[in-house]
Amino acid sequence: MILVPKVEANFNHLIQKLHRQPHESEYSPQQRAIWDVIRAKNNLLLRGTAQSGKTLAIAALSVNRALTHAPLKSRRFLDTLIVVPTDLLVEKYRLYISSLIEDLPKECCPSRETAESEIGYEPFKARFVDSEGNTSETFTGEIEFPQVLVSTPSGLEQALTTTPNIFFSLRLLALDDFDFMVSSTGGGEDNKHFMQKGEKGRIRSKLIECVKQVSIKHLAAYKEKLTQRLHQVESESSADYAFSASEHVMALPIDDVSKGVDDKLVKRLISVKRNLPYLPPQFCIVSEAVSPFNTNFDGYKKTLTSMYKIVDFYRKEKCIHYRDRKLIDVEELDLSTQKNWLDSFVGLPPTVYLGCAQSKAGYKKTKIKALESEYVAGLSSTITKSKELRKYCSNDNQKKFLTQRVVQEDVRDKTGFHVLLQKVLHKFYLTNTSKMPFLIVVPPYVDLKCIPASDGQELQMQTFDDLNERSIDALEAHFRTTKTHLCIHPHHLLGQTYHGVQNMLIVGLDSLIAATAFERNVTRSHLLGLLNPNLDLFGFYFAKLIASRSASASSNLVLLRDDVVRKKDAEATRSLEADYNKFEQILLSNDICSLAKVRQL
């Protein structure tokens, strides 16, 4: 895609700013895939890794399309809709788009007052809606309707109620981190749920339901305009009919539209209908790459099926002509071989450490022990092709497991959780030469305010809530400017980069399961609406570390299973076996031994 010169200059300046170093003006393969496929008027499904510039590419695409598209009819309303999982990612798009339109002239977007008028120009505006419905805007000049809307699923749900008419002219619908929005219950402790009640009271994905509503409104607007055009042609005819010929032609199925037709007016109406095909919005869907074995599970297949349904929504209409769009499926990386994975990055792969926090007297008595694993011991290599594992990972079985787990977490005593962090960090530094700080990811049910700043031992500890500055720039530069551990929740990593991270600690099974990782208070019934309850975040964390670290130094990823219970909590004690099985399945499905050195903590 050829960017508008000023947008291209801003794009390259933004890349230099993000990398904090001189950077050649070369677009990444992921960015080119997004631009080239959408420019060819196709739909795109891109499964990629972290920090490859996908978000910036979508932001630049949305701006560039608004600046270069000359509408054939009167002024359009919304041109591009971008849906993201978290408010933090909404803010990131605001930063990118604000930077991309810097120094553009006030009136920069082609426009028409009427279908017959000459092309003029109007200001550019982008609107951003968070999960609470709060809006902010960036623009080159005052104008009523935006060309670009960026929103979370909850924000989109409210926009469909408050401003439903802006979606009639939509040309591009981008879904960033699609898999997380349909396979987890929420996008952060302060965000609203990703699930809602759908038809017949069943729990459905809020994203899927909202996109369906957008498609319905878009198609309805086309059918209304087509009907009006057919009525106009009929009214200009001198023929006298006892019935409405335009309504008759509008209701005719496309396959049968010309059979047995010999009337001149009807033939003319059929011709008008054929020459005004429906142009469905283009879709740009971005999700995380998964290991090949995970594609065998029914949750992955169900996610793809649902995605195909929303992209091809218009195909159900048998009475209209439409301009078909191909779906280009781009798998960025083949995770089945270590070579393909490692060749995509610079430097050696991280070392993966496995450990287990054990106690029957609460967190204050935690002991960090080596993790017992049949997979790591080489005893489960033959299971990778077994029907037993596929049955274990089925949606029904995983939803049952997650429902039971949510009940257990509701009653778990989190007192003294900081002691667990203190002991695992101490043990790591005793046996490892790396003295770099950790990015620590803790389960969402752990209150960050309860983690004292002094518990890093060798280094000070900060939490996301402690940070004075939480802007995108400040978060990206944290490990380059401060030598302290940073403790966050999983949703703080969605769309966010932490440059210079050399060590990551992932605590607890709930931080590894997408279904429960992004929301503090998971509603049990919402688990029933997940498309892929088996989705795990190992590949997500692994890719984040590789893309954020300095390749000149060693890097480490520590996975810590949390087996801390109390003696009187018999139910939680019995659940440890279920946790063991799930943790084994995650190790096995991602085949981490083929990606990195694996050691016991």
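This is a predicted model: local features need pLDDT of at least 70, side-chain atom pairs count only at pLDDT 80 or more; totals for chains, interfaces and linings use all residues.
View 1. The largest cavity holds about 230 Å³ of space, and its lining is made up of 21 residues, among which Ala289, Val290, Asn294, Asp536 and Asn590 lie nearest the centre. Two elements, α6 (178–183) and α18 (538–548), each give two or more residues to this lining. Rolling a probe the size of a water molecule over the atoms is what shows where such empty space is left.

**View 2. Make-up of the lining of the largest cavity.** Sorted by class, the lining residues of the largest cavity comprise 12 nonpolar, 6 polar and 3 charged residues. Helix α18 supplies the largest share of this lining, with 3 residues. Both domain 1 (3–214 + 281–343) and domain 2 (351–364 + 384–405 + 412–600) contribute to the lining of the largest cavity, with at least three residues drawn from each.

**View 3. The second largest cavity and its lining.** The volume of the second largest cavity is about 160 Å³. It is lined by 14 residues, and those closest to its centre are Arg47, Asp179, Ser287, Tyr300 and Thr303. Two or more residues of this lining come from each of β1 (43–48), α6, β11 (282–288) and α10 (298–311), and α10 gives the most, with 4 residues. The lining of the second largest cavity divides by class into 7 nonpolar, 4 polar and 3 charged residues.

**View 4. Packing of helix α5 against helix α7.** Helix α5 (residues 153–162) packs with helix α7 (residues 206–236) at an angle of about 35°, and the axes of the two helices are 9 Å apart. The crossing in which α5 passes α7 is left-handed. On the α5 side the contact is made by Pro153, Ser154, Leu156, Glu157 and Leu160, while α7 brings Lys206, Leu207, Cys210, Gln213, Val214 and Lys217. Taken by class, the residues in the contact of α5 with α7 are 6 nonpolar, 2 polar and 3 charged.

View 5. Most residues other than glycine have a negative phi. Lys41, however, has a phi near 65°, which is a positive value in a residue other than glycine, and Lys41 is placed in the loop between α2 (29–39) and β1. For Asp177 phi is near 60°, again a positive value in a residue other than glycine, and the place of Asp177 is in the loop between β8 (172–176) and α6.

Key. Residues are numbered from 1 along each chain as its sequence is written. Side-chain values use heavy atoms; hydrogens and water are left out. On a 1 Å grid over the protein atoms alone, a cavity is a set of points where a 1.4 Å probe fits but cannot get out, and a pocket is an open set with protein on both sides within 12 Å along at least five of seven lines; lining residues have an atom within 4 Å of a point. Grid points are joined across faces, edges and corners, and a volume is the space filled by probe spheres set on the points. Ala, Val, Leu, Ile, Met, Phe, Trp, Tyr, Cys and Pro count as nonpolar, Asp, Glu, Lys and Arg as charged, and the others, Gly among them, as polar. Domain bounds come from an automatic or database domain assignment. Axes are lines fitted to C-alpha atoms, for helices over the stretch in contact, and angles run from 0 to 180 degrees between N-to-C directions. A crossing is left-handed if the near helix is turned anticlockwise from the far one by less than a right angle, and right-handed if clockwise. Contact means heavy atoms within 4.5 Å.
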